[in-house]
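Let's walk through this one together, starting with the overall layout and ending with a couple of charged side chains. Have the viewer open as you read.

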Amino acid sequence: MKGRLAAAAALGLMASFAIAGDWVGLDADANHDGTLTMLEVMRAWPEVSTDDFMRMDTDGDGLLDAGELTAARSKGALETTWAI
């Protein structure tokens, strides 16, 4: 029972990343933790500066989550595809 619940939770989490940000973290998210560091963003989008990243990181935690990434894309800050 616990195994089924854990599997269902994992699938739900993966689906929420896919829906929330459409990036799923598979290419740009090098460590697959569901967030993007400044280094991951700058590797994937070389045109992004430190100042750009700081503007996109609206909660100031040094990471972009799916919501922040989606917001940045909707404002035209990031292309839909990445370099890596």
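Four helices and two strands make up the secondary structure of the protein chain. Trace the chain from the N terminus and the elements come in the order α-β-α-α-β-α. Keep in mind that you're looking at a predicted model.

How much of the chain is tucked away? Of its 84 residues, 29% count as buried. The protein chain exposes about 5300 Å², and carbon and sulfur atoms supply 63% of that area. As for contacts with a separation of 6 or more, 44% come from residues 24 or more positions apart.

Now for the charges. Search the whole structure and you'll find one salt bridge. It pairs Arg 55 with Asp 52, whose closest N and O atoms are 2.6 Å apart. Both sit in helix α3 (residues 50-56), and because they are three residues apart there, about one helical turn separates them. What about their surroundings? Arg 55 is exposed, with a relative accessible area of 59%, while Asp 52 counts as partly exposed at 25% relative accessibility.

Glu 68 tells another story. You'll find Glu 68 in helix α4 (residues 66-74). Glu 68 is buried, yet has no salt bridge. The nearest side chain of opposite charge belongs to Lys 75, and that is 10 Å away; a salt bridge would need the nitrogen and the carboxyl oxygen within 4 Å. So who does Glu 68 touch? Leaving out residues up to four places away in sequence, Glu 68 touches Met 56, Asp 57, Thr 58, Asp 59, Asp 61 and Leu 63.

Notes
Residues are numbered from 1 along each chain as its sequence is written. This is a predicted model: local features need pLDDT of at least 70, side-chain atom pairs count only at pLDDT 80 or more; totals for chains, interfaces and linings use all residues. Side-chain values use heavy atoms; hydrogens and water are left out. Buried means under 20% relative accessible area, exposed over 50%, partly exposed in between (1.4 Å probe, protein chains only). Contact means heavy atoms within 4.5 Å. Accessible areas come from the Shrake-Rupley method with a 1.4 Å probe; for residues, only the protein chains shown count as cover. Lys and Arg count as positive and Asp and Glu as negative; His and the chain ends are not counted.
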